[in-house]
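Keep the sequence beside you as you read.

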Amino acid sequence: MMKKETIEKVNAEIANWQYLQDLPEQWYGFQLDRNTEISKDSYDLYRYVNEMLHKSATIYFHEETHEYKVRLKIGLIEFCRIEFITANLEVFEKLLKSQFEQMLMDMVDFNPKSLSSIVLDKKITTWEAG
């Protein structure tokens, strides 16, 4: 279970976080869910959910690494977006402000510019289906 000190630390950091208070209720077909959830090693602060697309983006604090992160869920697949990982809430907010909106848009409509260099180097987009 998550340590009481960690929960208190995160609560103190986000208590007056204006960014959190200013989030839009709807964003590109995603609905804001402000329900916090504390599990074994993560404290989910909020998430955006699109039930029809079976996709969500969760903003959370990871106790094991002491970092803020973004976790995407697409269907049954869940993964962390590495470009958002930071231990500093101010830096995290800057990352969210500069990249989160585009990430949500890319989750709705495929954007080839969002592919990583690994995918492009392997030429996965040119593979024939079948």
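Arginine 34 is partly exposed, because its relative accessibility is 37%. The model is a predicted one. Arginine 34 has a charged partner: it forms a salt bridge with glutamate 25, and the closest N and O atoms are 3.7 Å apart. Glutamate 25 is also partly exposed, at 46% relative accessibility.

How many salt bridges does the structure hold? There are eight. One of them joins arginine 71 to aspartate 44, with the closest N and O atoms 2.9 Å apart. This pair links distant parts of the chain: arginine 71 lies in strand β6, aspartate 44 in strand β4, and 27 residues separate them. Are these two buried or exposed? Arginine 71 counts as buried, at 17% relative accessibility. Aspartate 44 counts as buried too, at 11%. The pair belongs to a network of salt bridges that links Asp44, Arg71 and Glu78.

Glutamate 93 is buried, with a relative accessible area of 18%. Lysine 97 is exposed, with 55%.

Now look at lysine 69. This residue is in strand β6. Lysine 69 counts as buried, because its relative accessibility is 8% and the cut-off is under 20%. Which residues does it touch? Leaving out residues up to four places away in sequence, the list is Thr58, Ile59, Tyr60, His62, Cys80, Phe84, Ile85 and Phe92. Take phenylalanine 92 from that list. Along the chain, lysine 69 and phenylalanine 92 are 23 residues apart, yet their C-alpha atoms are separated by 8.1 Å.

Next comes the interior. In soluble globular proteins, nonpolar side chains tend to be buried together. Here, the largest nonpolar core has 29 residues. Tyr46, Leu96 and Phe100 have the most contacts inside it. Which elements give two or more residues to this core? They are α1, α2, β2, β4, β5, β6 and α3. Helix α3 gives the most, with eight residues.

Setting aside neighbours within four places in sequence, tyrosine 46 is in contact with Tyr19, Leu20, Leu23, Leu32, Asp33, Arg34, Ala57, Thr58, Ile59 and Leu96. Arg34 is the salt-bridge partner of glutamate 25, and Leu96 is another of the residues with the most contacts inside the core.

Helix α1 spans residues 4-14, and its buried residues are Thr6, Val10 and Ile14. They cover an arc of only 55° around the axis, so they lie on the same side of α1. What do they pack against? Their partners are α2, β4, β5, β6 and α3. The face turned away from this buried side carries the exposed residues Lys4, Glu5 and Ala12.

Tyr28, Leu53 and Val108 make a nonpolar patch of about 220 Å². Valine 108 belongs to helix α3. With a relative accessible area of 33%, valine 108 is partly exposed.

Definitions and conventions: Residues are numbered from 1 along each chain as its sequence is written. This is a predicted model: local features need pLDDT of at least 70, side-chain atom pairs count only at pLDDT 80 or more; totals for chains, interfaces and linings use all residues. Side-chain values use heavy atoms; hydrogens and water are left out. Buried means under 20% relative accessible area, exposed over 50%, partly exposed in between (1.4 Å probe, protein chains only). Helices (H or I, at least four residues) and strands (E, at least two) are DSSP runs, numbered from the N terminus. The arc is that of the directions from the helix axis to the C-beta atoms. Contact means heavy atoms within 4.5 Å. Patches are made of residues with over 30% relative accessible area and no salt bridge: like charges are joined within 9 Å, nonpolar side chains (Val, Leu, Ile, Met, Phe, Trp, Tyr) within 5 Å. Accessible areas come from the Shrake-Rupley method with a 1.4 Å probe; for residues, only the protein chains shown count as cover. A salt bridge is a side-chain nitrogen of Lys or Arg within 4 Å of a carboxyl oxygen of Asp or Glu. A nonpolar core is a set of buried Ala, Val, Leu, Ile, Met, Phe, Trp, Tyr and Cys residues joined through side-chain atoms within 4.5 Å.
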